[in-house]
Amino acid sequence: MSFPIAPSPAERAALAAAWLPLRLLAPGGSGALSILIYHRVLPERDPLRPGEPNQAEFAEQMGWVQALFRVLPLSEAVTALRRGRLPPRAACITFDDGYADNLHCALPVLRALGLPATCFVAADYLDGGVMFNDRIIEAVRALPKGETDLSAWGVGVWRIAGDEDRRRLAEAVIRSVKHLDGVEREERVARLVRESGVSLPRDLMMTTDGLRQLATGGFEIGAHTRSHPILSRVDDATARTEIGGSREVLEEVLSEPVRLFAYPNGQPGRDYTARDVQLVEACGFQAAVSTAWGAARRHADPLELPRFTPWDRHARGFAARMLRNLLIRRPETVTA
Ligand SMILES: [Zn+2]
């Protein structure tokens, strides 16, 4: 695999145009921290996962990030934010879920550019697990062309002619089962997999050995629950086991403290509640990240730091979107 490691002259010009507003919007000290969120870096483009960059696209984006921002490890950035010592144009790079391609495709790019990153791992999927969304995508990929009745999955009858139909169908099924109770969701997804006849890949997620390699390769590792439930939908005991248990599993694998956490799905109030924030604190995490857009400022609650995904394929749009993200203001909780 090969990838570009520096922006082109035209891209440099586009990025330079973003430089001044970025200096004004993300000054040092009590300025703002941009935290980027990724899930996968694919070896090659997948029409059923159009939102996930391939390695070359990711390398290009990281070149822009390096040109625009000062990238810090998340734990370091959180400490600097609280102390009012954030460097100008501070940013962090994070990955959710624990996909094996974080090791095989993202790490080589980040190492080449000298950029630190954090990977939040859903511990139960290590060593051969497949998350429900991936099981749905692989099942839909295997469905025969023509008409298919998926009324049992809440999406009605579909006509599959090509990849675009499969992408939309997989998205619809994911949306329809995502917020179901865990047991019911499992049953529906298992039935879809069975009926599609697909044999699921065993190497999508990281192995425990791969996770250790990622940690020694420069990634910080954070927890992301055990089985990736929507925390707002589970009872207190389950939430505690999911949050605290994920930390225990990862610490056992890594033989080092795990102090960072990411809420599954991550929308405040919808996917997790104040109870979960309290549990994250009680379980000893130093900081936690959501998927609310915006940048974190000095008095942001370290247990609910916002994150953002810039998806543009061109330097100018990427920089503009990063700037817009810095303009989002949200009520902030002042913490001691
Ligand atoms: Zn996740």
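Q: Two strands pair if DSSP finds at least two bridges between them. Which residue in β3 stands opposite I37?
A: The model is predicted: local features need pLDDT of at least 70, side-chain atom pairs count only at pLDDT 80 or more, and totals for chains, interfaces and linings use all residues. Residues are numbered from 1 along each chain as its sequence is written. Strand β1 (residues 33-38) and strand β3 (residues 90-97) run parallel, joined by six bridges. In β3, the residue opposite I37 is T94.

Q: How many helices and strands are in the protein chain?
A: Both are DSSP runs, numbered from the N terminus: helices are H or I, at least four residues, and strands are E, at least two. By that count, the protein chain has 12 helices and nine strands.

Q: What is the radius of gyration of the protein chain?
A: The radius is taken over C-alpha atoms, and the globule rule is 2.2 Å times the number of residues to the power 0.38. For 336 residues the rule gives 20 Å; the chain comes close to that, so it is as compact as a globular protein of that length. Its C-alpha trace spans about 55 × 50 × 40 Å along the principal axes. The radius of gyration is 20 Å.

Q: How far apart do the C-alpha centres of domain 1 and domain 2 lie?
A: The bounds come from an automatic or database domain assignment. Domain 1 is 9-128 + 203-327, and domain 2 is 132-196. Their contact (C-beta atoms, placed from the backbone, within 7 Å) takes eight residues from domain 1 and 10 residues from domain 2. The distance between the C-alpha centres is 28 Å.

Q: How many residues of helix α6 are buried?
A: A residue is buried if 20 or more other C-beta atoms, placed from the backbone, lie within 10 Å of its own, exposed if 12 or fewer, and partly exposed in between. Helix α6 (residues 132-142) is largely enclosed by the rest of the structure, with F132, I136 and V140 among its buried residues. The cover includes α7 (163-178) and α8 (182-196). Of the 11 residues of α6, the buried number is eight.

Q: Which residues of β1 point the other way from L33, I35 and I37?
A: Strand β1 is mostly covered, with six of its six residues buried. One direction takes L33, I35 and I37. The other way point S34, L36 and Y38.

Q: Which residues touch the most other members of the largest nonpolar core?
A: Such a core is a set of buried Ala, Val, Leu, Ile, Met, Phe, Trp, Tyr and Cys residues joined through C-beta atoms within 7 Å. Out of 99 residues, those touching the most other members are L33, C92, V121 and A288.

Q: How many C-beta neighbours does H224 have inside 10 Å?
A: H224 sits in the loop between β7 (219-223) and α10 (236-254). Beyond four places in sequence, its contacts include D96, D97 and V121. H224 counts as buried because its C-beta neighbours inside 10 Å number 27.

Q: What is the phi of T225?
A: Most residues other than glycine have a negative phi. T225 is not a glycine, yet its phi is positive. T225 lies in the loop between β7 and α10, and is buried with 29 C-beta neighbours inside 10 Å. Its phi is about 70°.

Terms used: Two residues are in contact if their C-beta atoms, placed from the backbone, lie within 7 Å.
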